[in-house]
Amino acid sequence: MDESSRALRTDVYELTQALTSVAKQLDIGMDANLLSLYGYDTSIHTKFTLNQYTDKSSLVTALQTLPLFNRFHTGRTDTAEAISFLVDQAMAPQQGDRPNYPDAVIIVGDHATTSTTKIAITDRLALSAKSQDVIVVSIGSLGAETEQLATDNKHLIHVLSDGAFATQLAPALVQLLEQC
């Protein structure tokens, strides 16, 4: 999640509600889905890892109580660094990644930050090697660089305004994640 995004910071309550809704609708557990959450701007901010909340109740509580954004933010973003972190560290066994379960990655940002993102082809290849399902969510319009991270056009979610998290984002994410 791009912590430098003004659109995401504007309505953190609705974003929290949407993420909580997604978690409530998925099967969560060691033999089902595990979720992690990382924020990024010019550095990585771990909210929680895959092995931290392994049942639905604790995951929902964490989403409802943990701050989604750091108090101070730079207004700049480094998506390439976030991708490197995901590939090299977040999707590792010591963080709870399980080799027999497929990984889905969701990258959330807004049009202001994604339009200035520069991502190398090696970043795209490394991410697609780790996850067959890369979902890109953008509030507003997407930048071409970020769109190319998505597995395909079905894995692109355009949320036209921050007021549509619950009505657009949560149902679209649940539908895609259930297919992973």
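**View 1. Helix 2 and the elements that cover its buried residues.** Helix 1 (6–10), helix 3 (56–65) and helix 8 (165–179) are among the elements that cover the buried residues of helix 2, where contact means heavy atoms within 4.5 Å. This is a predicted model, in which local features need pLDDT of at least 70, side-chain atom pairs count only at pLDDT 80 or more, and totals for chains, interfaces and linings use all residues. Residues are numbered from 1 along each chain as its sequence is written, and side-chain values use heavy atoms, leaving out hydrogens and water. Helices (H or I, at least four residues) and strands (E, at least two) are DSSP runs, numbered from the N terminus. Look in helix 2 for Glu-14, Leu-15, Thr-16, Ala-18, Thr-20, Val-22 and Ala-23, its buried residues (under 20% relative accessible area, 1.4 Å probe, protein chains only).

**View 2. The length of helix 2.** The end C-alpha atoms of helix 2 (residues 12–25) are 20 Å apart, which agrees with the 20 Å that its 14 residues should span at 1.5 Å a residue (1.5 Å times one less than the number of residues).

**View 3. The largest nonpolar core.** This core has 32 residues, and Leu-8, Leu-15, Val-137, Ile-157, Val-159, Phe-165 and Leu-169 have the most contacts inside it. A nonpolar core is a set of buried Ala, Val, Leu, Ile, Met, Phe, Trp, Tyr and Cys residues joined through side-chain atoms within 4.5 Å. Helix 8 gives the largest share of this core, 7 residues. Apart from this core lies another, of 17 residues, including Tyr-40, Val-134, Ala-150 and Leu-156. In soluble globular proteins, nonpolar side chains tend to be buried together.

Technical notes
Buried means under 20% relative accessible area, exposed over 50%, partly exposed in between (1.4 Å probe, protein chains only).
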